[in-house]
Amino acid sequence: QVQLVESGGGLVQAGGSLKLSCIASGRPASKYPMGWFRQAPGKEREFVAAITSLGRSTYYADSMKGRFTISRDNAKNTLDLQMDSLKPEDTAVYYCAATAHGFRPFQPDYWGQGTQVTVSS
């Protein structure tokens, strides 16, 4: 079992930046590929980005490529998502996730509680 807690959400203007963080507890985060998802009001939860357990490989949803950067620090059991050039359509609750069995496509087994990101126009 691994517990995930996100932080760093908030309100930002379009074109701005925000960095989300997720801290893992329980089993060492280094055992799991991890990722970010998001869910906008009235929409299904969607994949954002993922990173392998040792951080050697990443991949992104097409709409986030070039704007978002996923990274991790296994010594601190943390996962980050740097979001740049934010758009109003990036407004959503962002969730940290970990998988025990599926990296690509990412199949979450563990979820955080989510953090709200609001981008104003």
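**Figure 1. Surface and overall form of the chain in the predicted model.** The chain exposes about 6100 Å², and carbon and sulfur atoms supply 48% of that area. Of its 121 residues, 45% count as buried. The chain holds 0 helices and 11 strands, and the order of elements along the sequence reads β-β-β-β-β-β-β-β-β-β-β. The radius of gyration is 13 Å, close to the 14 Å that the globule rule gives for 121 residues, so the chain is as compact as a globular protein of that length. Along its principal axes, the C-alpha trace spans about 40 × 25 × 25 Å. Among contacts with a separation of 6 or more, 56% are made by residues 24 or more positions apart.

Figure 2. L4 counts as buried because its relative accessibility is 6%, and buried means under 20% relative accessible area. Setting aside residues up to four places away in sequence, L4 touches C22, I23 and A24, as well as M34, and it also touches C96, A97 and A98 together with Y110, W111, G112 and Q113.

**Figure 3. M34 in strand β4.** M34 lies in strand β4, which takes in residues 34–39, and M34 is one of the residues that L4 touches. With a relative accessible area of 2%, M34 is buried. M34 and I70 are separated by 36 residues in sequence, and their C-alpha atoms are 9.5 Å apart in space.

**Figure 4. The loop between β9 and β10, with P105 and D109.** Strand β9 covers residues 92–98 and strand β10 covers residues 110–111, and D109 lies in the loop between them. P105 lies in the loop between β9 and β10 as well, and the peptide bond that joins R104 and P105 is cis, with omega of about 5°. D109 is partly exposed, its relative accessible area being 34%. Leaving aside neighbours within four places in sequence, D109 is in contact with A98, T99, A100 and H101, and A98 is also among the residues touched by L4. For orientation across the chain, the C-alpha atoms of D109 and M64 are separated by 23 Å, and these two residues are 45 residues apart along the chain.

**Figure 5. Two residues with positive phi, N77 and S85.** N77 has a phi near 55°, a positive value in a residue other than glycine. The place of N77 is in the loop between β7 and β8, strands that cover residues 68–73 and 78–83. At 25% relative accessibility, N77 counts as partly exposed. S85 likewise is not a glycine, and its phi is positive, at about 50°. S85 sits in the loop between β8 and β9, where it counts as partly exposed at 41% relative accessibility.

**Figure 6. The largest pocket and its lining.** The largest pocket has a volume of about 150 Å³. Its lining is made up of R38, A40, K43, E44, E46, S63, R67, K87, E89, D90 and T91. Sorted by class, the lining has 8 charged residues, 2 polar residues and 1 nonpolar residue. R38 belongs to this lining, and strand β4, which runs over residues 34–39, is the strand in which M34 lies.

Technical notes. Residues numbered from 1 in each chain as written. Predicted model: local features only at pLDDT ≥ 70, side-chain atom pairs only at ≥ 80, totals over all residues. Heavy atoms only, no water. 1 Å grid on protein atoms, 1.4 Å probe; cavity = no way out; pocket = protein on both sides within 12 Å on 5 of 7 lines; lining within 4 Å. Points joined across faces, edges and corners; volume = space filled by probe spheres on them. Nonpolar A, V, L, I, M, F, W, Y, C, P; charged D, E, K, R; others polar. Helix = DSSP H or I, 4+ residues; strand = E, 2+ residues; numbered from the N terminus. Rg over C-alpha atoms; globule rule 2.2 N^0.38 Å. Buried < 20%, exposed > 50% of the residue type's maximum accessible area, 1.4 Å probe, protein only. Contact = heavy atoms within 4.5 Å. Areas by Shrake-Rupley, 256 points an atom, 1.4 Å probe, with all protein chains shown as cover.
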